[in-house]
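Work through the exercises below with the sequence and the coordinates at hand. Each task is followed by a stepwise solution.

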Amino acid sequence: MTATQGRAAAGNGTGEGAAAGAQGAAGDPGTTGDRARSGDGPDSGNRRGSGARKGGGDPARAARDDTVAAVVRQWQTVRPDLDTGPMEIIGRVNRCAALLQQAEDAPLRRAGLSRAEFDLLGALRRTGHELTPGELARETFSSGAAVTKRLKQLTERGLVERRVDSRDRRVAHLRLTDAGRDLVDGIMPEQLVYESAVLSALDSGRQGELADLLGELLSRLEGHMRAVRV
């Protein structure tokens, strides 16, 4: 997902809608394989939810006092029958994404770029070769219409140049100009320094664990969505 899409998905940062969607999909075998393999009975989800609401003997869970924890407590007060476990994960992912994007956009604003525009420039830089608008749309998880609009702005700024295909003039090939490359190369170090500072709250071991867990979740979600599209 691109950062721009992450912002749209984050909404108010609590993940209430996303968590509700996850709970609504609980009957989908493609999303509940781990739960089914756990060996718990059919009411295991309720038992887990009840345990979470009562602390469940987990000091770390009991000590949580972030924005999502407050939202979860409110839902548990008005609807104690709900298992709010998914919200505790999805809500926090969305909230973290929203907070990170707010800060990360600062160097982009100074450069006069939106996050979506920088995603396009970054895709052209990291792939290292020309891309068509369709390929850029796939690389940045954007719609074709949105990519066309952003490319027009970036081309007018002299950051991207287009070459018409010699065999099919309807096809355009896009690449960074020298100015575009210099801009991306100048912004990326600043972005990475900021991200390292944010993640310094976790030691390197915990960062590795988090990266592995998020990678596993993303891989499963992407595989599930591809299966749904087929």
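**Exercise 1.** Classify Phe141 as buried, partly exposed or exposed.

Step 1. Phe141 has a relative accessibility of 44%. Step 2. Buried means under 20% relative accessible area, exposed over 50%, and partly exposed in between (1.4 Å probe, protein chains only). Step 3. Phe141 therefore counts as partly exposed.

The model is predicted: local features need pLDDT of at least 70, side-chain atom pairs count only at pLDDT 80 or more, and totals for chains, interfaces and linings use all residues. Residues are numbered from 1 along each chain as its sequence is written, and side-chain values use heavy atoms, with hydrogens and water left out.

**Exercise 2.** Locate Phe141 and state its phi.

Step 1. The residue sits in the loop between helix 9 (133-140) and helix 10; helices (H or I, at least four residues) and strands (E, at least two) are DSSP runs, numbered from the N terminus. Step 2. Phi of Phe141 is positive, about 55°, although the residue is not a glycine. Step 3. Most residues other than glycine have a negative phi.

**Exercise 3.** Describe the surroundings of Thr177.

Step 1. Thr177 is in the loop between strand 2 (172-176) and helix 11 (178-199). Step 2. Its relative accessible area is 13%, so Thr177 is buried. Step 3. Leaving aside neighbours within four places in sequence, Thr177 is in contact (heavy atoms within 4.5 Å) with Gly158, Leu159, Val160 and Glu161.

**Exercise 4.** Which residues of helix 8 and helix 10 meet?

Step 1. Ala116, Glu117, Leu120 and Leu121 belong to helix 8. Step 2. Their counterparts in helix 10 are Val147, Arg150, Leu151, Gln153 and Leu154.
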